[in-house]
Amino acid sequence: MKRNEGLNKKDAQLDQFRVNDQDKDMTTNQGLKVSEDEFSLKAGERGPTLMEDFHFREKITHFDHERIPERVVHARGYAAHGEFQVYESMKEYTKAKFLQDPSVTTPVFVRFSTVAGSRGSAETVRDVRGFATKFYTEEGNFDLVGNNIPVFFIQDAIKFPDLVHAVKPEPHNEMPQAASAHDTFWDFVANNQESAHMIMWHMSDRTIPRSFRMMEGFGVHTFRFVNEEGIAFFVKFHWKPLLGVHSLVWDEAQKISGKEPDFHRRDLWENIEKANYVEFELGVQIIEEKDEFMFDFDILDPTKIWPEEDVPVKIIGKMTLNRNVDNVFAETEQVAFHPGHLVPGIDFTNDPLLQGRLFSYTDTQLIRLGGPNFHELPINRPVCPFHNNQRDGYGRQTINQGQVSYHKNSLAGNTPTPASEVEGGFVHYQEKIDGRKIRNRSESFKDHFSQAIMFWNSMSEPEKKHIIDAFSFELGKVKSESVRQQVVDMFANVSVEMAATVADAIGVVPPQGQKSSITKSSPALSQLNTVKKPDTRKVGVILGNDFNGSDIMNVLHELTETGIEVEVISEKFGKLRSSDGEEITVDQTFLTCDPVLFDGLYIGDGYGASPKFKQDTAHFVQEAFVHYKPIGATHEGKKYIQQHMICSPGVVTDDDINLFTKKFISAISAHRHWDRKVI
Ligand code: HDE
């Protein structure tokens with residue numbers, strides 16, 4: 001299957017199910033033309049509705065059954081279609097066909113999600129983000145069901161229900177929604193100390209991403225690559241966003257939850273609609289089998305990373321998300337991912353978290369999608385043919401022909417036939433296993449703090465401050481003083497200084513202890529070291545009538561040319577006129593938008609007269625300032641800025657319009673200006 005062939009195939013497959021109801025006659029589901037859809041059939045104009053009104057009954061019954069159970073975790077998600085291409089053959093490590101030929105394009109479907117909240121919850125809550133990718137390969141579907149954080153809370157899948165019960169709203173009052181800032185979550189943390197490393201990530205800026213397009217993805221578990229010769233390698237998967245890794249600040253994230261609960265999906269949807277396609281590179285870390293025990297952690301432990309400085313991430317391909325779904329329910333809601341959907345050349349390891357997931361994902365689809373035939377839903381169908389003796393069940397769509405539905409048989413020539421390994425049959429990696437049946441965990445899984453310390457050591461000063469603030473917020477919401485104390489005592493194992501600062505903020509006893517002797521850090525973990533680009537940044541442009549047309553239009557033109565999205569904000573919708581005859585359309589009013597919805601602000605010109613305008617501008621500037629955002633100001637805007645804040649990092653006010661534009665674009669690329677004194 002060469003370039004685009006796979007894509008065309010998936011598209012053609014979906015096409016069979018696409019229906020456009022526009023300009024069509026209305027019918028019942030049996031195809032009968034409907035003559036009236038507003039009045040139920042009654043015995044007389046003011047009489048009772050009649051049972052024989054089959055159209056009414058069909059319509060209401062279907063409506064009554066419109067909802068399916070939401071995912072028990074990752075209920076709120078958003079997805080897009082795209083394609084993947086490998087940069088060079090990975091033959092040396094894996095025989096997976098979609099990783100061999102750089103000219104082959106593989107269709108993909110990616111669903112991003114939050115974990116804890118219900119399907120209608122806000123999107124910028126502090127939470128892990130799911131990052132699940134379905135590759136429709138010619139050898140079957142391969143699902144990489146990962147998160148935006150490379151480690152997990154627990155080491156064994158049997159503890160997953162406990163973790164999820166603890167983080168979900170508390171059962172006696174169903175509060176709080178989509179938040180970990182409550183007693184049961186932190187009680188779980190303090191009493192399950194394997195969560196320490198993950199909690200450091202959870203308290204960091206990683207859990208409040210600016211956009212799905214600006215976060216990393218990780219397969220988390222250690223998988224195996226197996227090549228044609230049968231040689232296996234340990235592998236970890238990474239997705240690296242080409243726009244870099246960027247976050248919101250917590251105050252902003254909370255405000256967005258109210259102002260725009262759909263913030264992340266809107267960002268994804270709008271950027272794809274504008275052809276700002278979303279790009280991630282696929283990276284792999286590879287460890288040879290002989291090196292399995294070379295590290296000071298167990299490489300099968302999902303609470304550990306392989307530091308990139310020790311095991312480099314090899315970039316092997318690129319995924320581009322370039323098409324929005326046609327229908328969110330049919331595609332995003334009905335897609336069924338499973339870490340056990342593999343292709344030859346990729347295999348599992350004994351990571352006990354991964355092993356448990358292999359059971360859970362089919363089981364959950366049975367309840368969610370109502371039976372065993374969810375693989376027949378258009379979004380889940382492989383692009384290659386599938387044949388076996390499985391039959392029947394709720395919602396079966398395939399019309400299997402013939403009398404034989406068993407193996408072995410003679411009536412159908414013993415078909416469908418299993419394929420040997422050389423014919424492409426999946427053969428599990430023949431790892432030698434020799435052990436006793438026990439419920440236990442390896443000693444090598446028992447160090448819970450070294451990598452949590454490494455994470456802390458790797459953070460820049462602003463990132464450390466955000467972590468302390470996040471702990472103080474979350475634990476500040478915990479009512480049990482005992483739980484607060486337990487958590488602070490636990491995190492003294494990471495940094496006594498950090499724990500003492502949090503203890504002080506939340507009113508518990510500061511822990512005693514020594515500074516850790518672990519000094520290792522991994523610069524790759526700090527978001528300060530990420531790619532910084534202006535592309536697709538959203539800048540609000542505050543403007544009024546009589547603005548300086550040539551200068552302002554010039555600035556806006558340059559910003560747009562650089563790939564920055566600009567939206568003109570003013571008092572009223574309509575057109576603004578410049579003093580030199582230019583016209584510009586207002587995209588938002590102060591009422592319909594908010595400073596938290598922009599990456600930066602440009603305070604332009606022409607608003608001197610109205611006190612209300614000044615008041616609204618003050619609110620926008622104040623918010624952008626305290627959220628460390630780039631602020632540019634020229635003309636009247638500059639006068640305003642100078643009255644309120646003199647010369648601060650990320651505030652650009654140069655008179656020379658070309659110099660101004662250059663400096664403002666560079667300030668936008670930097671994303672946030674942490675060296676700004678905000679208080
Ligand atoms: Fe999941 N997880 N999970 N998970 N997970 C589900 O499957 C589960 C874990 C992840 O967009 C469920 O279809 C267990 C780690 C994503 O549709 C369920 C354990 C990682 C998604 C389930 C884990 C993930 C899910 C709920 C403990 C990162 C959303 C609905 C071992 C590597 C996929 C569903 C989508 C969804 C079980 C832990 C990622 C219940 C038992 C670790 C991205 O089956």
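Reader: Which strands does helix α16 lie across, and at what angle does α16 run to β17?

Author: Helix α16 (residues 635-644) lies across β16 (600-603), β17 and β18, and its direction makes about 120° with β17. The axes behind that angle are lines fitted to C-alpha atoms, for helices over the stretch in contact, and the angles run from 0 to 180 degrees between N-to-C directions. Contact here means heavy atoms within 4.5 Å. Do keep in mind that this is a predicted model, where local features need pLDDT of at least 70 and side-chain atom pairs count only at pLDDT 80 or more, while totals for chains, interfaces and linings use all residues. Residues are numbered from 1 along each chain as its sequence is written, and side-chain values use heavy atoms, with hydrogens and water left out.

Reader: How do you know that β17 and β18 pair?

Author: Two strands pair if DSSP finds at least two bridges between them. Strand β17 (residues 631-633) has 2 bridges to β18, so the pair meets that rule. The two run parallel, and Gly632 stands opposite Val652 in β18. Strands (E, at least two residues) and helices (H or I, at least four) are DSSP runs, numbered from the N terminus.

Reader: What is the order of the strands in the open sheet, and which stand at the edges?

Author: The sheet has 6 strands in the order β15-β12-β11-β16-β17-β18, with parallel pairing. β15 (588-589) and β18 (651-652) are the edges: each has a single partner strand, so one side of each is left without a neighbour in the sheet.

Reader: What makes both faces of strand β6 count as covered?

Author: Buried means under 20% relative accessible area, exposed over 50%, and partly exposed in between (1.4 Å probe, protein chains only). In β6 (residues 223-226), Phe223 and Phe225 on one side and Arg224 and Val226 on the other are all buried. β6 also pairs in the antiparallel sense with β7 (residues 232-241) over 4 bridges, where Val226 stands opposite Ala232. With β10 (residues 346-347), β6 has 2 antiparallel bridges, and Arg224 has Asp347 as its bridge partner there.

Reader: Why is Val422 called exposed?

Author: Val422 has 82% relative accessibility, so it counts as exposed. Val422 is found in the loop between α9 and α10.

Reader: What makes Tyr361 a donor to the iron atom of the ligand?

Author: Donors are N, O and S atoms within 2.8 Å of the metal (3.2 Å for Na, K and Ca); water is not among the atoms, so sites may look incomplete. The OH of Tyr361 is 1.8 Å away from the iron, and Tyr361 is the single donor from the protein. Tyr361 is found in helix α9 (residues 352-368).

Reader: What is meant by a nonpolar core, and how many residues has the largest?

Author: The term covers a set of buried Ala, Val, Leu, Ile, Met, Phe, Trp, Tyr and Cys residues joined through side-chain atoms within 4.5 Å. The largest has 55 residues, and those with the most contacts inside it are Trp186, Met200, Phe471 and Phe491. This core draws at least three residues from each of domain 1 (41-376) and domain 2 (453-528). The domain bounds come from an automatic or database domain assignment, which also gives domain 3 (532-669). Leaving aside neighbours within four places in sequence, Met200 is in contact with residues including Phe455, Trp456, Phe471 and Phe491.
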